[in-house]
Every structure is written in structure tokens, then in C-alpha cells.
Amino acid sequence: MTDPDPPWRRPPRALTPGMPAWGVTREQARQGFAAVPMASVGPEWAWGGADGSGVRVCVVDSGVEAGHPLVGAVEPAVTAVPDEDGEVSMVPCEPTDRAGHGTACAGVIRSVAPGVALSSAQVLTDGRTGSGPALLSGLSWAIEQGFDVINLSLATTRPALTARLHELVDRAYFRRCVLVVSAHNRPVTSYPWSFSSVISVASHDEDDPMTYYYNPAPPVEFHARGVRVPVAWPGGGTIRSTGNSFAAPHIAGLCALILGKHPWLTPFQLKTVLFLCAANTAGRLGGAQDEPC
């Protein structure tokens, strides 16, 4: 009988007498997993015909304006509220945007994957800055809610947050919660985009929203459209803006397309699919199935 629960939601295995911790018995190892020959993985296999339906995406940012023509529905929406002791709670709120940054990211995701279910965790203030506790609380909330994809177009340079952020992004990775994070726009030491358990993204200056590149020299792993990008803006309008912030949601949208078609992929497997389909991996326009240029 097939186990109804995906592996990342099963309780930890009990320690088996005679086996080291985290080991697997012959009986446990008999579970099979579908495999696809790497040569056959290309854009058509990865996301052909998909629109992201069935995939839950959370934008952790300045909020998202629901009802914007380029964004649509947003549910649920929560915001970071500090108490007198300095602790931060995420509480339900109206789906609005304090600065426009989150709405812009959400619009990019919707443009790539129109079928996704979008949610918002508001952690930034009106000035596009936020506190460390708000960032940690918003990200922790999104991971605990089990979103399939989290877009985080934010970075912090505060070393005091490093350990806690590292713990959170690793938790997301092992729970099959794909965390797509933009690199900092300046060459400074910052987090969490530079951690290996996230998908890190910086910009390229081409116009095609579906063209992205693999970077063989990390910590940035992929480059996507991020220069003069037309983005949604509060009030129902659009602007053009530049930044790694807008490259990340292009990859978040692609991740949603892939997971909509292949929902059992882990972050490890998803990264492999992204690599195989990148425009500079096997053909100028992307993917092992493309004809050579």
C-alpha cells in the first residue's frame, strides 16, 4: 500500500536497534522513487503546459495589494506586530502594501505562473526597511504554514541574525519548502541569499521573462530578468524598476510552474531541474531538448 504522506511530512523514524542513528533498514530502503533520465529533462518536461495551479506561494515583503490587475487574489495576508516585550507576532491583516515592493514581486510571480495561490507576509515598513525580529517571524510563519515556494527579495547585513536565519532556511529546505532569495544589490556580506539551502538569484539585462542562466561560480546560483522590469505598483498601475529583487520572483514563478507539474520534487531535485533547463546549460534558448543554435 502506498504511503499517503509525502516523505517530508512523515514523523521521524524510530531508532532501530543495531542501526546507527539516521540509518535505513533494508525494509525501509525498498521504497522506490520515479527517476527521469537527465537528458530528457528540458523546459517542455519541466513546465510545459503548467500554470502553477495547486502551488502555494508566499511573498515575504512589504505586503501585497490584492485586486491589482497584475496580482489578483491574495489570501491569507499577515503582518508583523511587535509587542511591549519586543517579541513579534504575525497576525491577519488586509492585503495591502506599505511600500510597493511586495506588490511588484507578486506581480512578477503571477505573470510567470498565473495559476498559483498567492499569500503575503508583511515584514517591511513604509520605508522598505524592517526589523530583524519581523524578518525572522515572517519567514518562520511562512515555513510553518508549509508554503511550496517562498519569495524573499530581502537581505540583511546584520551578523547577529545569521545563525537564526541559517537555521530557518535549512528547516525550509528539509521540509520541501522552496525558498527563492534575491542577492543583495551591493557587493556586501549579507544573508540569507548566500546560504546553500536556498535558491539564490541575481539579475541579467535581457527582456525575456523566461530566460535565465545558471551561474557556475556561486554563491549566486541563477540569473534572471531584473533590469528595467515592468512591475505592478500599488494603486493599480505599473512602473519599471531594476534590482535583484525582481529577478528572484521570476525564478520563484518558474519553481511554481515546475512544482505544479511535478509536485514531489524536493528542493535538491528542483535545483537540478533548474540547472538542466537554464539557457546556458544545453542550448541558447534553454534546455536539453532544444535544438543546438
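How many of the 13 residues of helix 3 are buried? Eleven are, so helix 3 is largely enclosed by the rest of the structure. Here are my notes.

1. Ground rules. This is a predicted model, in which local features need pLDDT of at least 70 and side-chain atom pairs count only at pLDDT 80 or more, while totals for chains, interfaces and linings use all residues. Residues are numbered from 1 along each chain as its sequence is written, and side-chain values use heavy atoms, with hydrogens and water left out.

2. Helix 3, inside and out. "Buried" here means under 20% relative accessible area, with exposed over 50% and partly exposed in between (1.4 Å probe, protein chains only). Helices (H or I, at least four residues) and strands (E, at least two) are DSSP runs, numbered from the N terminus. Among the buried residues of helix 3 are Trp-141, Leu-135, Leu-136 and Ile-143; Gly-132 and Gly-138 are buried too.

3. Helix 3, length and ends. The expected span of a helix is 1.5 Å times one less than its number of residues. For helix 3 (residues 132–144) that gives 18 Å, and the end C-alpha atoms are 18 Å apart, which agrees. At the start of the helix, a side-chain oxygen of Ser-131 comes to within 3.1 Å of the backbone nitrogen of Ala-134. After the helix comes Gly-146, with a positive phi near 75 degrees.

4. Helix 5. This one covers residues 244–261, 18 residues in all, and reaches 27 Å from first C-alpha to last, close to the 26 Å expected. With 16 of its 18 residues buried, helix 5 is also largely enclosed by the rest of the structure.

5. Nine strands form an open sheet in the order 3-2-4-1-5-6-7-9-8, with mixed pairing. Strand 3 (88–92) and strand 8 (213–214) stand at the edges with a single partner strand each, so one side of each has no neighbour in the sheet. Two strands count as paired if DSSP finds at least two bridges between them. Strand 8 has two bridges to strand 9 (residues 222–225), running antiparallel, and Tyr-214 sits opposite Phe-222 of strand 9.

6. Strand 4 and its partners. Five of the six residues of strand 4 (residues 117–122) are buried, so this strand is largely enclosed by the rest of the structure. Strand 1 (residues 56–61) runs parallel to strand 4 and is joined to it by six bridges; Val-57 has Leu-118 as its bridge partner there. Strand 2 (residues 77–82) is also parallel to strand 4, with three bridges, and Val-78 pairs with Ala-121.

7. Asp-61. Worth a look: Asp-61 lies in strand 1 and counts as buried because its relative accessibility is 0%. Its side chain makes polar contacts (N or O pairs within 3.5 Å; within protein, one atom must be able to donate a hydrogen and the other to accept it, and residues adjacent in sequence count only if both atoms are side-chain atoms). One, of 2.8 Å, is with the side chain of His-101, and another, of 3.4 Å, is with that of Ser-62.
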